[in-house]
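This report concerns helix packing, nonpolar cores and backbone geometry. Please consult the sequence and the model alongside the text.

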Amino acid sequence: MSYEVKQAGVVGAGVMGAAIAAHFANVGIPVTLLDVPAKEGDRNSVARGGLDRALKARPALFYDARDARRITVGNIDDDLPRLAECDVVIEAIVERLDVKRSFFQRLAEVRAPHTVVSSNTSGISINAMAEGLPEDFRRHFLVTHFFNPVRYMKLLEIVPNRDTAPRVVDDWMSFGAETLGKGVVLCKDTPNFIANRLGVYGFMATLKRALEEGYGFDEIDSIFGAPLGRPNSAIFRTCDISGLDVLMHVAQGVYDNCPDDEEREVFLPPALLREMVSRGWLGEKSGQGFYKRVKGPEGSETLVLDPQTMEYRPRQKFRFASIGAVRDNPDPGARIKAIMRGDDRAASFVRKATLDLLAYTARRIPEIADNPDDVDKAMRWGYFWAQGPFQTIDAIGLPDVERMLREDGLPVPNLFGRMLEYGDDTFYGQADGQRTVVMALTLIETPLAPTPADLTAASLVEAGHIVKQNASARLLDMGDGVALLQYDSKMNSIDDSIVELTREALEIAADRYRGLVIGNDAADFSVGANLGAVLMAVMAGAWDGLAAVTKGFQDANMAVKYSKIPVVVAGAGRTLGGGCEVVMHGSRARVAAEFYAGLVECGVGLIPGGGGCKELLLRLHATVKEHGPFPVVRTAFETISFAKVGTSAAEARTLGFLRAADRVSLDRERLLYDAKADAIALAEAGYTPPQPAAIQLPGAPGRLVLEQQLDGLRKTNKISDHDVLVATKLAYVLTGGETDLLTPLSEQYLLDLEREAFLSLAGTEQTRQRMQHTLSTGKPLRN
Ligand code: NAD
């Protein structure tokens, strides 16, 4: 059971409050957003200012700016009674116990009996905040700690006070997961809860060790990002993004409030950090921190702070044998294990920092959590680590961790000693087909409740459910009569092998399954057709081959569209070019809220050649309200020629890449589960493929209008001659070539036009240069 939240209140319209309000609006919940009254003029201007900043924030906090209409602003003096109409009220005002307490006292006077109140504090004790509040208030009171930026950060830590009703906790946990799409972790009332306690420990310990041992901040960041399964911003760039004042405040908070922490001194901000904050060098928000961006003769450049001189110097490039040796290993745990065994500067730092963190984490049990899985989830979802500390211990091997601690003269945490004594050398296991975890306090192996997130392509592969596979894709059995086609090429780019397995998968699935899902576990569904392969064919003059491959991809997409059984395409993250075309041909799309779709081929001097032009025309035909075919053509022309990419599933819908019946999952981790359920539901409803479509298009007269626009843009130098050529070919396809308004055109006719235009553009020198440039730099070339 989860709350039905018909109205939410958020108090404090600063960084967090406005972002929390935005996320509630994203999921369709109306919000009353209050802040202090302004001293003069519009009394709501403080809250309104917060909302305006949320609207301007980049990356965007709203899925669709129009969602902001669900937020009404006000001030706590005039509008406090409006909070009595709210099912939940979230407090996000300044991090001061006295200020928060006095607000809760005022709220207690108007609160409706059913209203659940939460604080977004990052570190203040919930029991301290609850003191002196009426009993019924305390029963409905807890911490809901969101992470910044709220839309993108999955972690939501929930902390009850001594008197919170269990039902209130359960309801907020399911509301957070199911309605808000968050990864919810139940925490204890300890300073900074789980993620920031361990995360800030990691930052501070690394900072101190780097200063003591003379490692550059850029050097550490080159080690602690992707190689260790951490975000590219690694340690010091992440600190700059979060704000050094915030980091210092949180660290000082642990120092002050955890007198018994054996590593308390690590949290005491070093002189360098205090000096930087006193100089106002707070990181990105103040323009400089550990790094500083400056304008140089060749564009902007990022410099790094030298702590000896307090001057900024150019960043260096670093190469370490220990890291180079594991670069291509996709398993983050195996990479850490191998790097720790190396014998260079990187390996030596990684070994010490990892052992420190793993031992510190083990000693925080049961203080901050009882279940190692909660700790791992908090670090994966709150800090974007590929694996949490206990998963890392399992990957390295507990006996090895213990041996290295002893070799380095470090104390071995009790937990490790007890585990080894009882013969347990991993935290995670399997029993009766279910994942288990060793509860750290009792050492009892406990089943982990199954969740939709357990259904992954990797788990199906591990369980041996492979029906067929080739170099770039696999066909897997998801159970319950549904098959999964998983792309497994670099960045899931679409190549011959994927096209071939798509055809085979459709045949096998039509025979033996009731539905097919196309999807994977990766952050990005697909970056589109394999550009490298297209370029190679162009360079070799293999025109027949390229034509055959393009036709093969079109045929595969048509086979998806007209398959006898439902095909649900599960899109997430970047879903570009050919990837977007596949989504558009599914019987149904099931996409993550973070879905970035676009037909971006014009950027490399091509046009969509796998049915993207055709599908966009057909869809817009059904939705564009203006009369006649030209508005449809003009909209499709703008979307494709400007290579527009939606920045959310909501925007993809507005652009026409998703239909009304296509569904969105807020939590990317449950996408395959939801897509499978969609496939079953379609099959059970007696799925039949769509009727072949036909469309009327304006032909030459429509083209003339678009060409005049292009002429204007060329004359004012807004576009190049090659842009004109690409857009003219696109206009030819979208207006239906040599046709007139009265002739219904078949899908195959449009596919042939697309293919011809695609191939003729691929044969031009400028398109070849564009492809080459994008492949080597990742950026578009304007030529
Ligand atoms: P902020 O300074 O950006 O915003 C605080 C807002 O509260 C301001 O708009 C202020 O006018 C308003 N305010 C102050 N006193 C008020 C009162 N009595 N009644 C109503 N409004 C009042 O702060 P923030 O970063 O949004 O932090 C808010 C809370 O969220 C803090 O408890 C903070 O610890 C926590 N938090 C912050 C982050 C983060 O990354 N910034 C992350 C998680 C949690």
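In which loop does P149 lie? P149 lies in the loop between β6 (141–146) and β7 (155–160), where helices (H or I, at least four residues) and strands (E, at least two) are DSSP runs numbered from the N terminus.

## Basis of the model

This is a predicted model, in which local features need pLDDT of at least 70 and side-chain atom pairs count only at pLDDT 80 or more, whereas totals for chains, interfaces and linings use all residues. Residues are numbered from 1 along each chain as its sequence is written, and side-chain values use heavy atoms, with hydrogens and water left out.

P366 is placed in the loop between α15 and α16 (372–383).

## Positive phi angles

N192 is not a glycine, yet its phi is positive, at about 65°. N192 belongs to the loop between β8 (183–186) and α8 (195–213). With a relative accessible area of 5%, N192 is buried (buried means under 20% relative accessible area, exposed over 50%, and partly exposed in between, with a 1.4 Å probe and protein chains only).

A643 also is not a glycine and has a positive phi, of about 50°. The loop between α26 (629–641) and α27 (649–655) holds A643, which is partly exposed at a relative accessible area of 22%.

## Helix packing

Two packed helices are described by the angle between their axes and the distance between the axes. Axes are lines fitted to C-alpha atoms, for helices over the stretch in contact, and angles run from 0 to 180 degrees between N-to-C directions.

Helix α15 (residues 345–363) packs against helix α18 (residues 398–407) at an angle of about 110°, and their axes are 11 Å apart. α15 and α18 are therefore roughly perpendicular to each other (angles under 35 degrees count as roughly parallel, over 145 as roughly antiparallel, 65 to 115 as roughly perpendicular and the rest as oblique). Their crossing is left-handed, a term used if the near helix is turned anticlockwise from the far one by less than a right angle, right-handed being clockwise. On the α15 side, R351, L355, L358 and A359 meet V401, M404, L405 and E407 of α18, contact meaning heavy atoms within 4.5 Å. The residues of this contact comprise six nonpolar, no polar and two charged (Ala, Val, Leu, Ile, Met, Phe, Trp, Tyr, Cys and Pro count as nonpolar, Asp, Glu, Lys and Arg as charged, and the others, Gly among them, as polar).

Helix α21 (residues 496–512) and helix α23 (residues 543–561) pack at about 30°, with axes 9 Å apart. α21 is thus roughly parallel to α23.

## Nonpolar cores

The largest nonpolar core has 111 residues, of which L83, F141, I194, F224, F236 and F290 touch the most other members. Such a core is a set of buried Ala, Val, Leu, Ile, Met, Phe, Trp, Tyr and Cys residues joined through side-chain atoms within 4.5 Å. α15 gives the most to this core, with 10 residues. Apart from this core lies another, of 78 residues, including F525, V583, A649 and I719.
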